[in-house]
Amino acid sequence: MGDDDSTARPLRADARRNRERVLQIAQDALASDGLTISFDEIARRAGFGVGTVYRHFPTKEALFEAVLLGRMERFVADARALATAEDPGKAFFGWFRAVVEQASANQALCDMLDGGTGPAFSRGTALEAAFATALARLLQRAQRAGAVRADLVPADVQDLLRGCLAAERRARARGGKVPMAEVVCDGMRSQPR
């Protein structure tokens with residue numbers, strides 16, 4: 001996660017509850033409002049003064065890291081775990097759909113996957129590289145197995161992922177019934193010639 005409590009004293013029970021409440025409210029706020037949510041608004045929604053939030057997270061960026069980087073790390077860990085799956089095509093498409101499903105419901109994750117991390121996320125660059133590497137490995141295995149078009153490169157898939165996230169969010173907003181990830185996955189499948 002974004003902040004390291006490994007060297008800090010253990011938190012009192014009430015302080016731990018406050019920290020967990022701030023994290024939950026921040027996660028919900030980031031999901032609905034994205035990276036533009038203010039620190040003051042998160043404190044207000046949590047029912048705390050901004051000082052309580054600052055005690056646990058000295059900056060807005062530290063709070064966002066605690067919430068978002070953990071989610072991104074899970075995407076990377078899932079991709080790495082699937083890198084040795086028996087069916088590379090199923091692993092690739094399943095992972096792609098799972099990322100779209102989870103991230104499309106969270107505006108801040110969409111922003112982060114769209115490269116909107118900026119300088120606010122000090123570990124973002126390394127995590128973005130780990131994400132790209134894990135995606136590339138899944139893609140290459142699926143291509144070697146003949147499940148994914150050979151002309152796609154990892155950057156193409158990242159662009160398709162970003163586009164799919166935007167399309168999925170719009171479809172949900174209008175009550176659309178077609179899962180956009182399925183449409184995009186169908187387009188990435190190898191076609192018999």
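**Helix α4 and its surroundings**

Analyst: In this predicted model, helix α4 is built from 23 residues and spans 33 Å between its first and last C-alpha atoms, close to the 33 Å expected at 1.5 Å a residue. The helix has a bend of about 30°, placed at A66.

The next point is the nonpolar core. The largest one holds 59 residues, and those touching the most other members are L63, F92, F96, F131 and M188. Two or more residues come from each of α1 (13-33), α2 (39-46), α4 (60-82), α5 (88-104), α6 (107-113), α7 (124-144), α8 (154-173) and α9 (180-188). Among these, α4 gives the most, with 11 residues. As a general matter, nonpolar side chains in soluble globular proteins tend to be buried together.

V53 belongs to helix α3, residues 50-56. Its relative accessible area is 0%, so V53 is buried. Between V53 and L23 there are 30 places in sequence, while their C-alpha atoms are 9.4 Å apart.

An unreviewed UniProt entry annotates residues 38-57 as "DNA-binding region". That stretch is 75% helix and 0% strand, with 13 Å between its end C-alpha atoms.

At another of the core's most connected members, M188, the contacts reach several parts of the chain. Leaving aside neighbours within four places in sequence, M188 is in contact with F92, F93 and F96, with A147, V148, R149 and L152, and with V157 and L160. F92 and F96 are, like M188, listed with the core residues that touch the most other members.

Charged pairs complete the picture. The whole structure contains nine salt bridges. One of them joins the side chains of E41 and R44, with N to O at 2.5 Å. Both residues are in helix α2, and because they are three residues apart, about one helical turn separates them. R44 has 55% relative accessibility and therefore counts as exposed.

Helix α8 holds two further pairs. R162 and D159 form a salt bridge at 3.1 Å, N to O. They are three residues apart in α8, so the separation is about one helical turn. R162 counts as partly exposed at 27% relative accessibility, and D159 also counts as partly exposed, at 48%. The other pair is R172 with E168, whose closest N and O atoms lie 3.6 Å apart. These two residues are four residues apart in α8, about one turn of the helix. R172 is partly exposed, with a relative accessible area of 39%, whereas E168 counts as buried at 11% relative accessibility. Salt bridges with shared partners also link D33, E41, R44 and R45 into one network.

The spacing in these pairs follows a general rule: an α-helix has 3.6 residues a turn, so residues three or four places apart point the same way. Side chains of opposite charge can pair when their charged atoms come close.

Conventions: Residues are numbered from 1 along each chain as its sequence is written. This is a predicted model: local features need pLDDT of at least 70, side-chain atom pairs count only at pLDDT 80 or more; totals for chains, interfaces and linings use all residues. Side-chain values use heavy atoms; hydrogens and water are left out. UniProt positions are given in the numbering used here, feature names are shortened, and annotations may be inferred rather than shown by experiment. A nonpolar core is a set of buried Ala, Val, Leu, Ile, Met, Phe, Trp, Tyr and Cys residues joined through side-chain atoms within 4.5 Å. Buried means under 20% relative accessible area, exposed over 50%, partly exposed in between (1.4 Å probe, protein chains only). Contact means heavy atoms within 4.5 Å. The expected span of a helix is 1.5 Å times one less than its number of residues. The bend at a residue is the angle between axes fitted to the seven residues ending there and the seven starting there. A salt bridge is a side-chain nitrogen of Lys or Arg within 4 Å of a carboxyl oxygen of Asp or Glu.
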